[in-house]
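Subject: Structure for you to look at

Hello,

Here is the structure I said I would pass on. My notes on it follow below.

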Amino acid sequence: MVPKHIALIMDGNGRWAKAKGKPRTFGHKKGSETLKQICKDAYNLGVEYITVYAFSTENWKRSTEEVSFLMNLLRSYLKESIKNATENNMRVRVIGDREDLAEDIKEAIIKMEEATKDFTGLNLTIALNYGGRDEILRGIKKQMNILIKEVTIESSDETADNQLTQLLNKINNINEKDFTLYLDTKGIPDPDLMIRTSGELRTSNFLPWQLAYTEFYFTNCHWPDFNRSELEKAIEYYNQRDRRFGGAK
Ligand code: IPE
Ligand code: IPE
Ligand code: MG
């Protein structure tokens with residue numbers, strides 16, 4: 001069976017370039033081309049959702065040159081994305097904290113999401129200035145703000161004590177399903193398979209909530225070299241797993 005949703009940590013651009021005696025940025029350029037091709041391959045194989053880690057909340061710590069190269073690469077990706085998405089009937093969404101992104105990038109994201117929202121082919125989600133812990137914290141703040149507003153508006157004539165009791169009741173009744181509506185991935189199913197390229201055996205703050213029951217596949221292949229046959233290998237591995245979700249064998 002082909003996994004419905006694959007999460008991808010596209011790692012190893014720098015090491016790939018270094019091995020070729022080139023600057024890290026050369027690896028990022030090639031990596032962005034790999035992403036375009038993998039989206040087509042994945043969709044042809046029957047995958048419905050792809051979520052990729054493009055820039056983490058921690059990646060700002062890299063050199064100014066590298067960060068600005070990555071932001072410019074993103075700009076050109078966004079520029080051609082509407083055309084590319086239209087050709088491939090692809091719906092593109094972005095998760096992560098947009099606040100710190102440049103104004104023109106924020107606008108391009110809104111435009112792209114709007115232009116592709118009715119496309120019915122592959123669902124591509126790009127994690128940008130994304131950190132899983134940050135996503136959860138932002139989600140908690142959003143939900144608390146809404147609950148407090150509900151209580152104060154619905155019961156404006158009640159005493160402060162009653163309002164507080166109502167609020168505490170609401171907080172104590174929060175369940176996992178409600179909370180996921182406050183995550184950036186609202187409306188997107190959890191990934192079935194997570195692939196990390198380039199050999200590191202960690203998730204680096206990628207989708208900690210959503211990956212709770214996901215199968216993990218690690219490969220030494222650097223992201224710029226990742227291709228359809230590597231993807232098929234990962235899917236084959238996925239098919240050997242016994243998906244249990246906590247149940248008995
Ligand atoms: C992944 O490749 C791309 C981004 C994090 C933007 P890296 O840049 O992390 O490459 P390595 O891991 O240093 O080889
Ligand atoms: C994770 O890769 C982030 C992206 C692929 C965008 P990193 O290369 O930044 O992660 P670490 O530093 O190896 O954990
Ligand atoms: Mg890396």
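In these notes Ala, Val, Leu, Ile, Met, Phe, Trp, Tyr, Cys and Pro count as nonpolar, Asp, Glu, Lys and Arg count as charged, and the others, Gly among them, count as polar. By that scheme the lining of the largest pocket divides into 14 nonpolar, nine polar and eight charged residues. Please keep in mind that this is a predicted model.

The chain as a whole

The protein chain has eight helices and six strands. Along the sequence they come in the pattern β-α-α-β-α-β-α-β-α-α-α-β-β-α. A box of roughly 70 × 50 × 35 Å, taken along the principal axes, holds the C-alpha atoms of the protein chain.

The largest pocket

The largest pocket holds about 740 Å³ of space. It is lined by 31 residues, and Met10, Asn13, Tyr53, Ala54 and Phe55 are the closest to its centre. Two or more lining residues come from each of helix 1 (13–19), helix 2 (24–45), strand 2, helix 3 (64–88) and strand 4 (123–130). Both ligands belong here: ligand 1 sits in the largest pocket, and the space taken by ligand 2 is that pocket too.

Ligand 1

The polar contacts of ligand 1 include both backbone and side-chain atoms of the protein:

- Gly12 has a backbone N or O atom 3.3 Å from an oxygen atom of ligand 1.
- Gly14 has a polar backbone atom 2.9 Å from an oxygen atom of ligand 1.
- Arg15 has an N or O atom in its side chain 2.7 Å from an oxygen atom of ligand 1.

On its own ligand 1 exposes 380 Å², and 87% of that is buried by the protein.

Ligand 2

The shell around ligand 2 is made up of Ile9, Met10, Asp11, Tyr53, Ala54, Phe55, Asn59, Arg62, Arg196, Arg202 and Ser204. Five of these residues are nonpolar, two are polar and four are charged. Which element gives the most to the shell around ligand 2? That is strand 2 (residues 49–56), with three residues.

Here the contacts I can list are from side chains:

- Asp11 has a side-chain N or O atom 3.2 Å from an oxygen atom of ligand 2.
- Asn59 places a polar side-chain atom 2.9 Å from an oxygen atom of ligand 2.
- Arg62 places a polar side-chain atom 3.3 Å from an oxygen atom of ligand 2.

Ligand 2 has 390 Å² of accessible area on its own, and the protein covers 77% of it.

Residues listed for both ligands

Two names turn up in both parts of these notes. When you open the model, the side chains of Asp11 and Arg62 are shown with their oxygen contacts to ligand 2.

Regards

Conventions
Residues are numbered from 1 along each chain as its sequence is written. Chains are lettered from A and ligands numbered from 1 in the order in which they are written. This is a predicted model: local features need pLDDT of at least 70, side-chain atom pairs count only at pLDDT 80 or more; totals for chains, interfaces and linings use all residues. Side-chain values use heavy atoms; hydrogens and water are left out. A residue is near a molecule or strand if one of its heavy atoms lies within 4 Å of it. A polar contact is a pair of N or O atoms within 3.5 Å; within protein, one must be able to donate a hydrogen and the other to accept it, and residues adjacent in sequence count only if both atoms are side-chain atoms. Accessible areas come from the Shrake-Rupley method with a 1.4 Å probe; for residues, only the protein chains shown count as cover. On a 1 Å grid over the protein atoms alone, a cavity is a set of points where a 1.4 Å probe fits but cannot get out, and a pocket is an open set with protein on both sides within 12 Å along at least five of seven lines; lining residues have an atom within 4 Å of a point. A molecule sits in a cavity or pocket if more than half of its atoms lie within 2 Å of its grid points. Helices (H or I, at least four residues) and strands (E, at least two) are DSSP runs, numbered from the N terminus. Grid points are joined across faces, edges and corners, and a volume is the space filled by probe spheres set on the points.
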